[in-house]
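Please read the briefing below alongside the sequence and the coordinates. It goes through helices, sheets, hairpins, single residues and a pocket in turn.

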Amino acid sequence: MTRVLIAADKFKGSLTAEEVAQRVTAGLRKVAPGLAVEALPVADGGDGTVAAALAAGFERREARVTGPLGEPVTAAYALRDGTAVVEMAEASGLQLLPPGHFAPRTATTYGSGELLRAALDAGARSIVFGVGGSATTDGGAGMLAALGGVFLDAAGAPVGPGGGPLADLARADLSGIDPRFGSVELILASDVDNPLTGPTGAPAVYGPQKGASAADVEALDAALAHYVRVLEEAVGPRAAALAREPGAGAAGGIGYGALIGLGAVFRPGIEVLLDVLGFEAAVARADLVITGEGSLDRQTLHGKAPAGVASAARAAGKRVVAVCGGLSIDEAALRGAGIERAYALSALEPDVNRSMRNAGPLLESVAESLARDYL
């Protein structure tokens with residue numbers, strides 16, 4: 001009997017990765033009752049990363065931390081056998097902002113630092129730090145401040161929260177960072193390889209998604225560049241070198257903060273999560289792999305979960321098909337990514353809003369079609 005592995009990401013705004021797996025399983029079994037199905041919800045380091053770890057059997061832990069606007073929030077992380085999965089969006093994410101409210105210059109990553117410290121306090125020896133979905137563009141300064149870093153203005157007072165006040169930074173000191181980071185493995189997991197500043201940097205590329213105007217983008221880019229120069233005085237030329245590294249611009253520059261202050265190592269998020277979640281063993285048990293996400297598009301091919309799943313499955317000699325809400329890449333591009341065929345909800349319901357509202361039943365229907373074709 002064919003064994004199926006469902007390793008799909010969330011359909012953002014409609015279904016969690018776990019719900020995607022449940023709906024696909026239901027559709028497959030309408031056509032092939034008793035089918036052997038294994039679900040391994042995945043994520044690429046952004047929002048949904050902790051949920052994927054919990055679905056794989058990690059224990060849920062919570063901490064009370066500082067939200068992006070300075071208010072207290074409850075943030076979750078996942079822990080198993082000394083490995084923690086921490087998602088910065090839980091503490092500093094866009095989803096924590098009131099509807100329609102943005103704070104591109106003042107949103108802080110302070111709570112992300114508090115969440116990392118909570119994982120250390122819980123005994124984590126290895127931390128997967130998923131970064132994405134942030135409300136912030138502060139270069140990780142807030143996170144580092146929460147962990148013992150010092151950032152002062154010319155008067156010797158701490159600079160304000162967010163990326164904007166970094167323009168007033170006069171002195172930085174990272175010597176007080178929690179020493180436990182010297183002995184803990186910290187993996188910066190992201191699908192973003194942007195540098196910190198410049199035309200492809202965090203403010204220019206992602207600032208507008210966080211409510212930044214053209215003036216905000218210019219001010220934030222200048223403030224982050226100044227931040228790097230002050231850090232050069234504190235730690236030497238590696239401050240400038242790390243600002244140019246892939247992943248430094250992830251999540252409003254929190255990637256940079258993790259690289260320079262916490263000794264993090266950058267890895268593509270989906271690769272990290274597949275290792276942590278046990279994908280290698282799961283794919284070995286499967287004959288067919290089903291992956292997917294809300295939109296299969298050109299971005300999918302550059303580090304998103306379905307491309308990572310397909311690459312790993314193809315390396316294991318397994319066939320891969322995908323499910324998605326919308327499909328905007330051609331068959332040749334799909335096959336180039338290792339995906340034989342994609343089944344899109346838009347083929348059944350072209351209206352995007354109706355498709356998102358009815359994603360569950362539609363996904364079951366496309367899973368039935370997939371089962372008839374492949375099972």
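Helix H7 buries Asp216, Val217, Leu220, Ala223, Leu224, Tyr227, Val228, Val230 and Leu231, where buried means under 20% relative accessible area, exposed over 50% and partly exposed in between, for a 1.4 Å probe and protein chains only. The model is predicted, with local features needing pLDDT of at least 70 and side-chain atom pairs counting only at pLDDT 80 or more, while totals for chains, interfaces and linings use all residues. Residues are numbered from 1 along each chain as its sequence is written, and side-chain values use heavy atoms, with hydrogens and water left out. Helices (H or I, at least four residues) and strands (E, at least two) are DSSP runs, numbered from the N terminus.

**Helix H7 and its cover**

- Helix H7 covers residues 214–235, which makes 22 residues, and its first and last C-alpha atoms are 31 Å apart, close to the 32 Å expected at 1.5 Å a residue; the expected span is 1.5 Å times one less than the number of residues.
- The cover over the buried residues of H7 includes helix H5 (141–146), strand E7 (150–153), strand E8 (169–173), helix H6 (202–206), helix H8 (238–243) and helix H9 (250–262), with contact taken as heavy atoms within 4.5 Å.
- An α-helix has 3.6 residues a turn, so residues three or four places apart point the same way.
- Just after H7 comes Gly236, which has a positive phi of about 100 degrees.

**The five-stranded parallel sheet**

- An open sheet of five strands has the order E2-E1-E11-E12-E13 with parallel pairing, two strands being paired if DSSP finds at least two bridges between them.
- Strand E2 (36–39) and strand E13 (342–344) each have a single partner strand and stand at the edges, so one side of each has no neighbour in the sheet.
- On average, neighbouring strands of this sheet are turned by 25 degrees against each other, direction ignored; the axes are lines fitted to C-alpha atoms, for helices over the stretch in contact, and angles run from 0 to 180 degrees between N-to-C directions.
- Strand E1 (residues 3–6) pairs with E2 in the parallel sense over four bridges, and Val4 stands opposite Val37 in E2.
- E1 is also joined to E11 in parallel by three bridges, with Ile6 having Ile290 in E11 as its bridge partner.
- Between E11 and E12, which run parallel, there are eight bridges, and the bridge partner of Leu288 in E12 is Arg319.
- E11 is mostly covered, as seven of its nine residues are buried.

- Helix H12 (residues 305–315) lies across E11 and E12 and runs at about 160 degrees to E11.

- Val321 lies in strand E12 and counts as buried because its relative accessibility is 0%.
- Leaving out residues up to four places away in sequence, Val321 touches Leu288, Val289, Ile290, Thr291, Ile339, Glu340, Arg341, Leu370 and Tyr374.
- The C-alpha atoms of Val321 and Gly292 are 8.2 Å apart in space, while the two residues are 29 apart in sequence.
- Glu364, in helix H15 (residues 359–374), counts as buried because its relative accessibility is 13%.
- Apart from neighbours within four places in sequence, Glu364 is in contact with Arg23, Ala26, Gly27 and Lys30.

**Antiparallel hairpins**

- Strand E3 (residues 59–66) pairs with strand E4 (residues 72–80) in the antiparallel sense over eight bridges, and Glu59 stands opposite Leu79 in E4.
- The hairpin of E3 and E4 has five residues between the strands, and Gly70 in the turn has a positive phi of about 95 degrees.
- E4 also pairs with strand E5 (residues 83–87) in the antiparallel sense, over three bridges, and the bridge partner of Arg80 in E5 is Thr83.
- The hairpin of E4 and E5 has two residues between the strands, and Asp81 in the turn has a positive phi of about 50 degrees.

**The largest pocket**

- The largest pocket holds about 1,200 Å³ of space; on a 1 Å grid over the protein atoms alone, a pocket is an open set of points where a 1.4 Å probe fits, with protein on both sides within 12 Å along at least five of seven lines, and lining residues have an atom within 4 Å of a point.
- Of the 48 residues lining the largest pocket, Lys12, Asp44, Asp191, Gln299 and Lys304 are the closest to its centre.
- Elements giving two or more residues to this lining are H6, H9, strand E10 (265–268), E11, E12 and helix H14 (352–357).

Methods: Points joined across faces, edges and corners; volume = space filled by probe spheres on them.
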